[in-house]
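Try each task before you read its solution.

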Amino acid sequence: MEALTIYLRKINIYHTSPCFAEAGKIRVKARLSDDISEIMPYLNRVVKNANYNEHAPNLTMFKEFRMITLEPENLILIKALNDTDARQVLDWLKDLINETAERKTEIEPLYASKKRPHPLQLYTWLPRINCKQCGEKSCLAFAALLSVGQQSLDRCLPLFTDDYQEQKTVMIDLVDALGHDISNYIDGGV
Ligand code: SF4
């Protein structure tokens, strides 16, 4: 059997510090063993929540609540839970990059930045009753966190009641465009 070509051999963490964005979490800087510039537009295509800036170049993406900024030979991971969590995320990322490189001929690269729903657009379709059941002070605060992957739509309990059927349908489409996992919502899990 033909061996897989390894595109990215290693991701080496060289600096860890407390996360400014969220107390108790960590921020990690790492170096990539190989230049991944060529793969970035392919990642932009296959990772729903990725956003590519061709001019920098860099690519931002989320792994649940964690945010990753990739440059050709470096990356920053913020809001990792701890060292173990950071290493697991980076292992996942290395596999993702190598799998994407392996399938390159089947993927159409996407060089453009993706248009992401604006927080105010999200806010418009929330119940806007500021009930705080999601744990945030207001629907606007919830929308802002939702837009950057720091909140989950299912935390807005009123939205999943009969009173907000139409809004719920629109919100599921919007968070899908943000790259959230919506399988729970469409399978009737919420
Ligand atoms: S639970 Fe929903 S309706 Fe209530 S404050 Fe949060 S976002 Fe607004």
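Ala, Val, Leu, Ile, Met, Phe, Trp, Tyr, Cys and Pro count as nonpolar, Asp, Glu, Lys and Arg as charged, and the others, Gly among them, as polar. Keep in mind that this is a predicted model.

**Exercise 1. The ligand shell**

Task: List the residues that surround the ligand, and find how the shell divides into nonpolar, polar and charged residues.

Solution: 
- Step 1. Start with the members: Pro127, Ile129, Asn130, Cys131, Lys132, Gln133, Cys134, Cys139, Phe142, Cys156 and Pro158 surround the ligand.
- Step 2. Sort them by class. Eight residues of the shell are nonpolar, two are polar and one is charged.
- Step 3. Look at the space itself: the ligand takes up the largest cavity.

**Exercise 2. A salt bridge across the chain**

Task: Which parts of the chain does the pair of Lys104 and Glu38 link?

Solution: 
- Step 1. Check the distance. A salt bridge needs a side-chain nitrogen of Lys or Arg within 4 Å of a carboxyl oxygen of Asp or Glu. For Lys104 and Glu38, the N to O distance is 2.6 Å, and their side chains meet in a salt bridge.
- Step 2. Lys104 is in the loop between α2 (83–102) and α3 (119–124), while Glu38 is in the loop between β2 (26–32) and α1 (40–46); the two are 66 residues apart, and the pair links distant parts of the chain.
- Step 3. Lys104 has a relative accessible area of 26% and is partly exposed; Glu38, at 43%, is partly exposed.

**Exercise 3. Other salt bridges**

Solution: 
- Step 1. The structure holds seven salt bridges.
- Step 2. One of them pairs Arg103 with Glu106, with the closest N and O atoms 3.7 Å apart. Arg103 is partly exposed at 37%, whereas Glu106 is exposed at 60%.

**Exercise 4. The aromatic pair**

Task: Is the pair of Phe160 and Tyr185 stacked, edge-to-face or tilted?

Solution: 
- Step 1. The count comes to one aromatic pair.
- Step 2. Phe160 and Tyr185 lie 5.6 Å apart, centre to centre, with 35° between the planes, and the pair is tilted.
- Step 3. Phe160 is in the loop between α4 (139–147) and α5 (165–177), and Tyr185 is in helix α6 (residues 183–186), 25 residues apart.
- Step 4. Tyr185 counts as buried because its relative accessible area is 12%, under the 20% limit.

Notes. Residues numbered from 1 in each chain as written. Predicted model: local features only at pLDDT ≥ 70, side-chain atom pairs only at ≥ 80, totals over all residues. Heavy atoms only, no water. Near = heavy atom within 4 Å. 1 Å grid on protein atoms, 1.4 Å probe; cavity = no way out; pocket = protein on both sides within 12 Å on 5 of 7 lines; lining within 4 Å. Sits in = over half its atoms within 2 Å of the grid points. Helix = DSSP H or I, 4+ residues; strand = E, 2+ residues; numbered from the N terminus. Buried < 20%, exposed > 50% of the residue type's maximum accessible area, 1.4 Å probe, protein only. Phe/Tyr/Trp six-rings, centres within 6.5 Å; stacked < 30°, edge-to-face > 60°.
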